[in-house]
Amino acid sequence: ASTMQELGLLDAALDPQRRAVDLRRRELGDEHLDTLASIHALGVLLWHLRKLDEAEPYLREALATYGHELGEDHPSTLVALASVALLLRTRGDLKAAEPLYRDVLARERRIAGENDRATLVSLSNLGALLVADDRLDEAEKCFAEALQGYRDVMGEEHPDTLMAIANLGGLRQAQGRLIEAEPYLREALEKRRRVLGDAHPDTLM
């Protein structure tokens, strides 16, 4: 399932991901960490496939059980909380999603530090929400900070860095700053062709 998702074959990943959840529930129990990882992964995959109603109970189950088993500040709990926020944002419920994103970001900064990958992901997520809420100047600060962190921590061609490049280019396009946007969008396209291939969903986007 993980390999198919990395290749962008989301529909093909769904059946093995469901099987992983079923097998781990049966063999390990609902609260085992491997089971929770599969439950969360299934929720995220369903979100990618825009099956939001089906994704929600898996994401909320993962959040509740991680919080109970590992504590509210554990990295797995924070990832699950961010996933619930992402679901809410996708539904257009920005008011409900924003405090969750800000909570995750504050905790990541306190626990992991400014340049940890988890913090950078949280910055990017908050920026995307601010774009959806048409608060572009606020979003630009998030995206620019995240991109610099990704370049420093993950390197120039990591998929996360490429997403951050595309995010900043898309934001400046939305602001009408087309001359500034073009180099970012071209860089994201050229590197995604090389790193991910021509047919990958991120390249096509």
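## Helices α7 and α8

Helix α7 crosses helix α8 in a left-handed sense. The model is a predicted one. On the α7 side, the contact is formed by R117, L120, V121, L123, S124, L126, G127, A128, L130 and V131. On the α8 side, L136, E138, A139, C142, F143, E145, A146, G149 and Y150 take part. By class, the residues of this contact comprise 13 nonpolar, 3 polar and 3 charged.

Helix α7 covers residues 117–132, and its axis comes within 8 Å of the axis of α8, at a crossing angle of roughly 155°. Angles over 145 degrees count as roughly antiparallel, and α7 and α8 are therefore roughly antiparallel to each other.

The loop between α7 and α8 contains D134. Phi of D134 is near 60°, a positive value in a residue other than glycine.

## Helices α8 and α9

Helix α8 spans residues 136–153 and helix α9 spans residues 159–174. Their axes lie 9 Å apart, and the packing angle is about 155°. The two helices α8 and α9 are therefore roughly antiparallel to each other. The crossing of α8 past α9 is left-handed.

From α8, the residues in contact are L136, A139, E140, F143, A144, L147, Y150 and R151. Their counterparts in α9 are D160, T161, A164, I165, N167, L168, L171, R172 and A174. This contact of α8 with α9 is made up of 11 nonpolar, 2 polar and 4 charged residues.

## Helices α3 and α4

What is the angle at which α3 and α4 pack? The angle is about 150°, with the axes of α3 and α4 8 Å apart. That makes α3 roughly antiparallel to α4. The crossing of α3 and α4 is left-handed.

In α3, the contact residues are L33, L36, A37, I39, H40, L42, G43, V44, L46 and W47. They meet L52, E54, A55, Y58, L59, E61, A62, T65, Y66 and L70 of α4. The contact of α3 with α4 has 15 nonpolar, 3 polar and 2 charged residues.

## The loop residue R50

R50 is located in the loop that joins α3 (33–48) and α4 (52–70). Phi of R50 is near 60°, which is a positive value in a residue other than glycine.

Over which ring does the charged end of R50 sit? The ring is that of W47, with the charged end of R50 4.6 Å from the ring centre. W47 is also one of the α3 residues that meet α4.

The structure holds 0 aromatic pairs.

Y184 belongs to helix α10, residues 178–196. Leaving aside residues up to four places away in sequence, Y184 touches L147, I165, L168, G169 and R172.

Y184 and Q173 are 11 residues apart along the chain, and their C-alpha atoms are separated by 10.0 Å.

Terms used. Residues are numbered from 1 along each chain as its sequence is written. This is a predicted model: local features need pLDDT of at least 70, side-chain atom pairs count only at pLDDT 80 or more; totals for chains, interfaces and linings use all residues. Side-chain values use heavy atoms; hydrogens and water are left out. Axes are lines fitted to C-alpha atoms, for helices over the stretch in contact, and angles run from 0 to 180 degrees between N-to-C directions. Helices (H or I, at least four residues) and strands (E, at least two) are DSSP runs, numbered from the N terminus. Angles under 35 degrees count as roughly parallel, over 145 as roughly antiparallel, 65 to 115 as roughly perpendicular and the rest as oblique. A crossing is left-handed if the near helix is turned anticlockwise from the far one by less than a right angle, and right-handed if clockwise. Contact means heavy atoms within 4.5 Å. Ala, Val, Leu, Ile, Met, Phe, Trp, Tyr, Cys and Pro count as nonpolar, Asp, Glu, Lys and Arg as charged, and the others, Gly among them, as polar. Rings of Phe, Tyr and Trp (its six-membered ring) pair if their centres lie within 6.5 Å; planes under 30 degrees apart count as stacked, over 60 as edge-to-face and the rest as tilted. A charge sits over a ring if NZ of Lys or CZ of Arg is within 6 Å of the ring centre and within 35 degrees of the ring normal.
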